[in-house]
Amino acid sequence: MAADRGRRIAVVVFVFLLLVPPLVTVLPGSPGTMRVAGITLLWWYAAVVGPLAAALGVVLARAVR
Amino acid sequence: MSGVRAVAAWPGPALVAGVVAAVAAGAPAGPVLVLGAAVAPLLALLQPARAAATRHPVTVAIAGLVAALVLSAHLAALADTAALVGARRWHAIVLAAALTLLVTLMPNAGRRPGLAPLIGGGALLLVLVTAGASTGLAPWGAWAAAAARPALVFSGRSPWVTDGERFLRRTTLAFDEGHRVVAVTPGTFRVVEADEGRRVVRDWRLTGGDALTLRPGDTLTAEAGSRLRFEPGKRVPGAPASGSAWADAAPRASPTRSLALLATLVLGACALVPVSARCTTAAAAIVLALSVGATSWGVYATLASPEAGLAGSPIEALLSLPRVVPPSAHGLSAGGLVAVVVVGLLALFIAAAEGLRQVVRAAAGTRWPEVWAVAMGAAALIAVISIVDPWTLLMAGLGLAGAALAAPRLAAGRGAGRRLGWPVEVLGALVGAGAFVALTVAKLPAALELLAAFPVLVAAPLGFAVVRALHATR
């Protein structure tokens, strides 16, 4: 039961991770275009932060099982 | 099932090339594509455990069709690779299909599931590191340098300038400044001139060496197989206006198209990636390498060769990077690195094929062993006769998989019983597949263009709803 709950939470987190870029494009002020070390926040998120968070999430969710 | 084997069906040549090309071209959907390609297979690993797959001829036929479409996308990518290095398309298709059938049908096939993805990923990583080192820039430094360019122009060393390159597919180029192009081989070119608000269409029959002058606002349509030479220092037609425009294109992406792309990737992954993976660490490492590696490759490619993509295939962006490496780079020549890329793509194809074979096997069991060979044969045929690019075939395969395999399966959960003498999941699969095919072939009005591009948006909810509704009626 706890494992299934953990899996469901992980699924919700993953869906949120995927929805961040489309949400950022409709936010006022274009926060996705802010640059960190020359690269926009949106690209940092899409190429590094999002996949890394998902990778950690799936490992954790499986560990709970 | 190991994590490597679970996600092996995912990063095939068409997906890798599509992601690299989107980054290199500065496509508005680039970040969503990179994120979706990495997260979708991991999300699929979290699907709830379910009863054994429903064995039914309809499910087997749909699984076979999905496998044929996805395989044809990868074969088309390999065929484009062959065409860009000077070989014949159909030679590459037949060789890759035959070799992969041999490998996947060997008695000990599947004993070392990590070998093909390891060779494929390792080969591409070697080229990426070598090419990156030759530029002297880290990926983030290359990104900043690419974003700082005042304009994306043809370099004097570009093969499109020196010898002229060949268009792999019918391509229409939009010119933002005056440009004089030269036909390398005879061909017919359609120019649409923008003349004080009027559109004037002219067809030009050129022989080798003939030149064509285009003005700002004109478009030029080149047929597949024709070759053109461009002027050095001129803007690349169709490319972003500047490095800044390339870097900032993503926030202008349409949210609805982004969501549709994500739905296709996630549902497709749910159909192709099995649930029962034990070691998810390896799977997580693979998709992380895919996102970081493909993005870095695209950034280096656009910095070195902003015109990569003119030929009408995403593979051009993938091959542009090893082609611009100086001969002295770590003892590896450009030709040697291109060969390494070809080997890497072939290995990724074999890995993807083995993963798809497992999907077909899960649907067919041991009753129809010939389905896999038929799917590979059909894929080779589609790849030979198809005029669309690998990405279109891949999206069709993933969309059909999502609508007809994943959605009914997710709705059925641990089993939805039988109605009208048929398993409910199969009825949902029939509705999902029927809706997908109908939306794909139908001539929809312009207002419904999104549904024509992503039929899974309607087909998957229909398949899901049918299963839930029939399951509820007892």
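Two residues are taken to be in contact if their C-beta atoms, placed from the backbone, lie within 7 Å. The structure is a predicted model, in which local features need pLDDT of at least 70 and side-chain atom pairs count only at pLDDT 80 or more, while totals for chains, interfaces and linings use all residues. Residues are numbered from 1 along each chain as its sequence is written, and chains are lettered from A and ligands numbered from 1 in the order in which they are written.

By the contact criterion, 32 residues of chain B are in contact with 31 residues of chain A. On the side of chain B that touches chain A, two or more residues are given by each of α3, α7 (139-147), α10 (255-272) and α11 (280-304) of chain B; helices are DSSP runs of H or I with at least four residues, strands are runs of E with at least two, and both are numbered from the N terminus. The most is given by α3(B), with 10 residues. By class, this side of chain B has 25 nonpolar, 6 polar and 1 charged residues, where Ala, Val, Leu, Ile, Met, Phe, Trp, Tyr, Cys and Pro count as nonpolar, Asp, Glu, Lys and Arg as charged, and the others, Gly among them, as polar.

Across the two chains, the axes of helix α2 (residues 41-64) of chain A and helix α3 (residues 30-45) of chain B come within 8 Å and cross at roughly 5°. Axes are lines fitted to C-alpha atoms, for helices over the stretch in contact, and angles run from 0 to 180 degrees between N-to-C directions. The crossing angle makes α2(A) roughly parallel to α3(B); angles under 35 degrees count as roughly parallel, over 145 as roughly antiparallel, 65 to 115 as roughly perpendicular and the rest as oblique. Residues making the contact include A:Trp43, A:Gly50 and A:Pro51 of α2(A) and B:Pro31, B:Leu35 and B:Leu42 of α3(B). The contact residues of this pair comprise 16 nonpolar, 1 polar and no charged.

Chain B is divided into domain 1 (3-143 + 244-386) and domain 2 (159-238), with bounds that come from an automatic or database domain assignment. The C-alpha centres of these domains of chain B lie 31 Å apart. Between them, 8 residues of domain 1 are in contact with 8 residues of domain 2, and the side of domain 1 that touches domain 2 has 4 nonpolar, 2 polar and 2 charged residues.

Also in chain B, the axes of helix α4 (residues 57-84) and helix α14 (residues 370-385) come within 7 Å and cross at roughly 45°, which makes α4(B) oblique to α14(B). Among the residues of this contact are B:Gly64, B:Leu71 and B:Ser72 of α4(B) and B:Val374, B:Met376 and B:Ile382 of α14(B). Its residues divide into 16 nonpolar, 2 polar and no charged.

An open sheet of 4 strands in chain B has the order β2-β7-β4-β5, with antiparallel pairing; two strands pair if DSSP finds at least two bridges between them. Because β2 (171-174) and β5 (198-206) of chain B stand at the edges with a single partner strand each, one side of each is left without a neighbour in the sheet. Within chain B, strands β4 (residues 187-195) and β7 (residues 219-222) pair in the antiparallel sense over 4 bridges, and B:Val192 stands opposite B:Thr219 in β7(B).
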